[in-house]
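Work through the exercises below with the sequence and the coordinates open. Each task is followed by a solution in steps.

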Amino acid sequence: MATLDIIARSATTTTPPSIRDMDAVAKLIDVSKCIGCKACQVACSEWNDIRDEVGHNHGVYEAPMDLTADSWTLMRFTEHEKDDGDLEWLIRKDGCMHCAEPGCLKACPSPGAIVQHANGIVDFHQEHCIGCGYCITGCPFDIPRISQKDHKAYKCTLCSDRVAVGLEPACVKTCPTGAIVFGTKEEMKVHADERIVDLKSRGYENAGLYDPDGVGGTHVMYVLHHADKPSLYDGLPDAPVISPMVSLWKGITKPLSLLAMGAAVLAGFFHYVRIGPQRVEEEDERKEAEAHSPGATSTSALSEPAVHTVDPSVQTFDPKQPDGRG
Amino acid sequence: MDMNRRQFFKVAGIGLGGSSLAALGMAPTPAFAEQVRHFKLTHTKETRNTCPYCSVGCGLIMYSMGDEGKNVAQNIIHIEGDADHPVNRGTLCPKGAGLLDFIHSPNRLKYPEVRKPGSNEWTRISWDDAMDRIARLVKDDRDANFIAENEKGETVNRLLTIGFLAASASSNETGYITHKVVRNLGLLGFDNQARV
């Protein structure tokens, strides 16, 4: 069975084996060619054996209304009014962007729950997922979702099982208008450049490629006709960055608190070795008793009685005695 | 092994502490054995077919489990576009992409059914019975309602009491024959998603 080399693994500092030189892959979504048919959504559910529950019609084209643990991709429809007053559909296929610097992976505390493959695919391994939801906090695009069935995080895998054996992702294969294409990242950039030239010749001055630097570039890229305003496309981040809380937590707080924990353990150990446990001696108790009741005699009722008496509730049995009493 | 009470407690305590730390995730990281999900079509049987929905007639590949051995019940587990088909070159629309659920739907029609006049229930009949019944009813209706001439005495040879709806995923030849059969009966109400 084919495997993909792993180049980064959540909550792991060991260097993974990474000598193989592998081409980065990319999925390019040409928003200007998308007709919003949702074949990609269906193909995604079919290939990945996930069936979201049948929802309700909310009077808009989105179905379901948001990504779920069972819907890894979703067409987001925006009615955009152009400067001349005409309506323009902006239909964006939402889903994991497979960032080169994945915020989910950085935020994940569970070793091996999120991995990044050498070809750029960021994949979740649910068997290691603890369901904490930090990946959602870490994601600048708000993509991962926790399943209510098994309380683990799910998202688009870029069909890593297909790509590993040399196939394109299911959504790419099915797309009837060719709005989704797949190849090496370099090829996809070339393809995007051709599309942008075409769009500019059709009056879309600001057409461009969405491959944001804030996350190190992505392995799912968009050709946008309004690349100057990505937020027009149902809130696509203009300049996505990983939340500073992630680097604060993982970058400074984590080593500092680990240091504090280690210091506490070390201090406890040295205290035990140098000073030892605190023991209450009979002498101390007597002194204490005297200090609290100055008039009392030296052998007060507070201290142990001089003669050991057997508790009447304790029955002793001695088989050598004729009556059995010890 | 000689061990006094104090030593025993020490050993037990270290063991408990160590295993607790391991359980808390401080154990050494395992080897990099993670794999991607196994490719589910590796040894499936591939069958070509045409999408049943619209007149575009996209090519499909149906993947079924098992190798057609005597003891295997074939079950279609995946369907995707046929990349070698000139019509769709591997692509499928949302309806075609969801054909797997169409095939396995409990509501899928798999055999002829009849709902007799006055009844509200569909009952299963054999193909032979269905063909006989259709032929009988068409013949009776045509004998009763066939219009050979209009009021002006012109020959029209029309039959207006029957409509005919044909399937979409038909070849040119099927379409030709369908057209001939239907027009020979004198039917005018005739449509087909393939618009033959």
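The exercises treat a predicted model and cover salt bridges, a strand, a surface patch and an annotated site.

**Exercise 1. Describe the salt bridges made by A:Arg195 and state where the partners lie.**

Step 1. One partner is A:Asp30, with the closest N and O atoms 2.4 Å apart. This pair links distant parts of the chain: A:Asp30 belongs to strand β2 (residues 25–30) of chain A and A:Arg195 to helix α6 (residues 185–201) of chain A, 165 residues apart. A:Asp30 and A:Arg195 are both buried.

Step 2. A:Arg195 also forms a salt bridge with A:Asp198, at 2.8 Å from N to O. Here both residues sit in helix α6 of chain A, three residues apart, which is about one turn of the helix.

Step 3. Buried means under 20% relative accessible area. A:Arg195 has 14% and is therefore buried. A:Asp198 has 24% and counts as partly exposed.

**Exercise 2. Determine how β2(A) is covered and which strands it is joined to.**

Step 1. Six of the six residues of β2(A) are buried.

Step 2. Sort the side chains by direction. A:Val25, A:Lys27 and A:Ile29 point one way, while A:Ala26, A:Leu28 and A:Asp30 point the other way, and all are buried.

Step 3. Five bridges join β2(A) to strand β9 (residues 180–184) of chain A, and the two run antiparallel. In this pairing A:Ile29 stands opposite A:Ile180.

Step 4. Four bridges join β2(A) to strand β11 (residues 220–224) of chain A, and these run parallel. There A:Leu28 has A:Met221 as its bridge partner.

**Exercise 3. Which residues make the nonpolar surface patch of about 520 Å²?**

Step 1. The patch is made by A:Met245, A:Leu248, A:Ile252, A:Leu256 and A:Leu259.

Step 2. Take A:Ile252 as the example: its place is in helix α7 (residues 244–274) of chain A. At 46% relative accessibility, A:Ile252 counts as partly exposed.

**Exercise 4. Examine the "binding site" that UniProt places at four cysteines of chain A.**

Step 1. The unreviewed UniProt entry gives the positions as A:Cys96, A:Cys99, A:Cys104 and A:Cys139. They are spread over 44 residues of sequence but cluster in space, the largest C-alpha distance being 10.6 Å.

Step 2. A:Cys96 is in the loop between β4 (87–94) and α2 (103–107) of chain A. A:Cys96 is buried, at 10% relative accessibility. Leaving out residues up to four places away in sequence, A:Cys96 touches A:Ile143, A:Lys155, A:Cys156 and A:Val220.

Step 3. A:Cys99 is placed in the loop between β4 and α2 of chain A. A:Cys99 is buried as well, with a relative accessible area of 7%. Leaving out residues up to four places away in sequence, the contacts of A:Cys99 include A:Gln116, A:Phe141 and A:His219.

Technical notes:
Residues numbered from 1 in each chain as written. Chains lettered and ligands numbered in written order. Predicted model: local features only at pLDDT ≥ 70, side-chain atom pairs only at ≥ 80, totals over all residues. Heavy atoms only, no water. Salt bridge = Lys/Arg side-chain N within 4 Å of Asp/Glu carboxyl O. Buried < 20%, exposed > 50% of the residue type's maximum accessible area, 1.4 Å probe, protein only. Patch = residues over 30% accessible without salt bridge, like charges linked within 9 Å, V, L, I, M, F, W, Y side chains within 5 Å. Areas by Shrake-Rupley, 256 points an atom, 1.4 Å probe, with all protein chains shown as cover. Pairing = 2+ DSSP bridges. UniProt positions renumbered as here; feature names shortened; annotations may be inferred. Contact = heavy atoms within 4.5 Å.
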